[in-house]
Amino acid sequence: MKTKKLRELLKSEEVIRVIGAHNGLSAKLAEQAGFDAVWASGLEISATHAVPDANILTMTENLQTAIVMNQSTSIPIICDCDSGYGSVNNVIRMVKEYERNGIAGICIEDKQFPKINSFVNSTQKLSPIDEFASKIRAAKDTQQDPDFVLIARVEALIAGQSMEEAIKRASAYKDAGADAILIHSKMNEIDEIREFVELYKGSIPIVVVPTTYPNIGVNDLKNIGISMVIYANHGLRSSISAMEKTFSRIIKDGTTAGIESNISSMHKVFELQGMFEMRQLEDKYNDSNLKGGENV
Ligand code: SPV
Ligand code: MG
């Protein structure tokens with residue numbers, strides 16, 4: 001069970017390394033690179049639909065994407081579920097659906113619906129603490145598998161609120177039953193996170209997303225007392241720059257010759273999509289109608 005795997009990871013002394021992904025292929029690449037788990041990122045999934053990260057996509061669209069990701073990997077998927085798609089009743093259905101579909105963990109954030117990405121220069125509207133704590137209690141009461149993980153994300157620092165407010169929220173969410181706290185920050189240094197960890201004496205794992213403070217290494221995170229790091233958007237951003245380079249070069253050159261050596265081979269594509277395994281199965285079951293060669 002992937003829920004059990006994620007629980008085991010949360011007990012480990014090492015920092016759990018998680019990478020953002022947005023489809024089956026990127027989830028598979030995450031596993032092959034050696035990540036412990038995959039973050040089904042709202043930012044990545046919305047961007048790959050070419051819509052804003054602002055609850056434009058529905059829960060069902062995000063879940064369908066997460067299901068494909070889950071089927072493509074053997075490592076746990078942690079789903080970014082924004083603020084839970086509405087009220088406690090939305091959260092209750094959400095937990096049922098995500099759990100039923102084999103998702104190992106979810107993360108909900110204490111913002112109002114519709115949310116907007118934390119790095120957008122906009123007013124971030126937080127939920128009242130009690131309202132968000134109720135969502136956590138409802139989620140924990142709903143889950144059937146005790147190993148299903150709920151991460152509660154504190155957006156107080158993102159919203160420009162005090163450290164005291166962030167600590168108060170983290171404590172309330174832990175009391176409501178959260179399995180881990182994601183403390184989000186948009187500072188360029190780790191100091192704010194370090195201060196949070198020092199002041200927050202809660203006994204549950206702490207998760208960080210170092211998008212704006214990339215210089216902090218995994219060993220430093222461990223020394224500070226962080227349990228999980230999510231590199232939330234680096235797959236998406238690397239694919240955008242790679243495609244931009246390739247596409248503009250083809251337009252400029254009028255040929256693909258100049259980019260061939262910089263892009264993955266067709267062999268690699270076949271390997272990633274399981275083409276060779278499929279062909280072996282054909283041989284095994286002797287389905288002569290489907291036979292053909294690899295021509296590229
Ligand atoms: C995401 O990856 O969608 C996240 C992280 O929620 S952030 O973009 O930092 O809000
Ligand atoms: Mg998100």
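Start with the shell around ligand 1: four nonpolar, five polar and three charged residues. Here Ala, Val, Leu, Ile, Met, Phe, Trp, Tyr, Cys and Pro count as nonpolar, Asp, Glu, Lys and Arg as charged, and the others, Gly among them, as polar. The model is predicted: local features need pLDDT of at least 70, side-chain atom pairs count only at pLDDT 80 or more, and totals for chains, interfaces and linings use all residues. Residues are numbered from 1 along each chain as its sequence is written, chains are lettered from A and ligands numbered from 1 in the order written, and side-chain values use heavy atoms, with hydrogens and water left out.

**Stop 1: the shell.** Select Trp 39, Ser 41, Gly 42, Leu 43, Asp 53, Asp 80, Asn 117, Ser 118, Phe 119, Arg 153, His 184 and Ala 232. These are the residues around ligand 1, each with a heavy atom within 4 Å of the molecule.

**Stop 2: polar contacts.** Look for N or O atom pairs within 3.5 Å. A polar side-chain atom of Trp 39 is 2.9 Å from a ligand 1 oxygen. Backbone comes next: a polar atom of Gly 42 lies 3.2 Å from an oxygen of ligand 1, and one of Leu 43 lies 2.8 Å from a ligand oxygen. Alone, ligand 1 exposes 280 Å², and the protein buries 100% of that (Shrake-Rupley method, 1.4 Å probe).

**Stop 3: the largest cavity.** Where does ligand 1 sit? It sits in the largest cavity, with more than half of its atoms within 2 Å of the grid points. A cavity is a set of points on a 1 Å grid over the protein atoms alone where a 1.4 Å probe fits but cannot get out; lining residues have an atom within 4 Å of a point. The space is about 140 Å³, counted as that filled by probe spheres set on the points. Of its 15 lining residues, Leu 43, Asn 117, Arg 153, His 184 and Ala 232 are closest to the centre.

**Stop 4: the second largest cavity.** This one holds about 60 Å³. Select its lining, including Gly 42, Ser 46, Pro 52, Asp 53 and Asp 82. Four lining residues are nonpolar, four polar and two charged.

**Stop 5: the domains.** Zoom out. Colour domain 1 (2-232) and domain 2 (264-296), bounds from an automatic or database assignment. Their C-alpha centres lie 37 Å apart.

Technical notes: A polar contact is a pair of N or O atoms within 3.5 Å; within protein, one must be able to donate a hydrogen and the other to accept it, and residues adjacent in sequence count only if both atoms are side-chain atoms. On a 1 Å grid over the protein atoms alone, a cavity is a set of points where a 1.4 Å probe fits but cannot get out, and a pocket is an open set with protein on both sides within 12 Å along at least five of seven lines; lining residues have an atom within 4 Å of a point.
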